[in-house]
Amino acid sequence: MDQPSHTSQRPLRIGTRRSKLAVVQTEGIRDSLQKLAPGRTFQIEALHTLGDKDKSTALYSFGEKSLWTAELEEKLTSGEIDVVVHCLKDMPTLLPDSCDLAAIPLRDDPRDALIIKASLPYNSLQDLPEGAVIGTSSVRRSAQLRRLYPHLRFANLRGNVETRLAKVDSPESEYTCMIMSAAGLERIGLKHRINQYLGSKDGGILHAVGQGALGLEIRKGDTETQEFVNQLGDEKATLACLAERSLLRTLEGGCSVPIGVETEWVGQPDDHVLRMRAIVVSLDGTESVERSLDAALRTNDEATRMGSELAAKLVDGGAERILRAILADRPSKE
Ligand SMILES: NCc1[nH]cc(CCC(=O)O)c1CC(=O)O
């Protein structure tokens, strides 16, 4: 039987987490979709996920990051919602069988950024004195920083962006500064608080896989939604992010292991050459392996291949031993 003609105009239900950042991002995607389909109705459902609720456990002891995504994926699978808007870096590299990554839109600044306590006079990582305390719960950030700045100290800092900033600024807190993604800070109107943008060219640390990008996830087989949201996909962001995700998948690391990455399109635009560098660091920063690779990319398969090739180079350089030592040290998931 033919689908009734009004199906394409059914309201599109968009799910996301309930944090300010998630809601702002989702409203942006909703507005872009609305421009593509002016007559259609969109509903946003913002969910309080398990990952938002537990603020006491260090991030790395959660194991995989599916705690941010699992409940939304259940609602997607059961048909309660049609699209989930995720921060791509919070999406595990393997999705449930019932779900697909339908589009990666234009990526915002993927770099990490440093914010210093409002009352202090410093402006960069290089300015920070011996013993200064960096607030971060990310082992990727702390391991890379320990390697480059062994005189700094680290303390866990959890909660949504506004909570973290308030903790850092509080005169009673031990934090000298914090590190968060530039994209996240800019999206919620905190760009003016960024003291330094970090990356291979300044500060020396590499960002998380998928950082600064969004991922639009749909129910597998929902071709109508697939085709609709795919119009927001950006080719360069998609190829770079798929290469990064393939690297992470091949190294079998979730977001909670110290793997940093940076991708950049080099040469003439027509060359389509992606340069990807990546680093794996031991938690204490004393051991690391860093490699890079250039590859001409036009297809998703080529991007995936590039990620696994760079992973293989890292493994050849000793990355696997570093990662195994970290995994062996973790509390079991039981
Ligand atoms: N780990 C949490 C998380 N997931 C996505 C973002 C920000 C948005 C992004 O970088 O994609 C953040 C906060 C941060 O790391 O600063």
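Five of the six residues of strand β1 (residues 12-17) are buried, so this strand is largely enclosed by the rest of the structure; buried here means that 20 or more other C-beta atoms, placed from the backbone, lie within 10 Å of a residue's own. Strands are DSSP runs of E with at least two residues and helices are runs of H or I with at least four, both numbered from the N terminus. The model is predicted, with local features requiring pLDDT of at least 70 and side-chain atom pairs counting only at pLDDT 80 or more, while totals for chains, interfaces and linings use all residues. Residues are numbered from 1 along each chain as its sequence is written.

β1 pairs in the parallel sense with strand β2 (residues 42-47) over six bridges, where pairing requires that DSSP finds at least two bridges between two strands, and Leu-12 has Phe-42 in β2 as its bridge partner. From β1 the chain passes through helix α1 (residues 20-36) to β2 in a right-handed β-α-β crossover, that is, the path over the helix runs clockwise from the first strand to the second when the strands point away from the viewer. β1 also pairs in the parallel sense with strand β3 (residues 83-87), over two bridges, and there Ile-14 has Val-83 as its bridge partner.

Further along, an open sheet of three strands with antiparallel pairing has the order β11-β12-β13, and its edge strands, β11 (259-266) and β13 (288-296), each pair on one side only. Eight bridges join β11 to the antiparallel strand β12 (residues 273-281), with Ile-259 standing opposite Val-280 in β12.

Methods: Buried ≥ 20, exposed ≤ 12 C-beta atoms within 10 Å, placed from the backbone.
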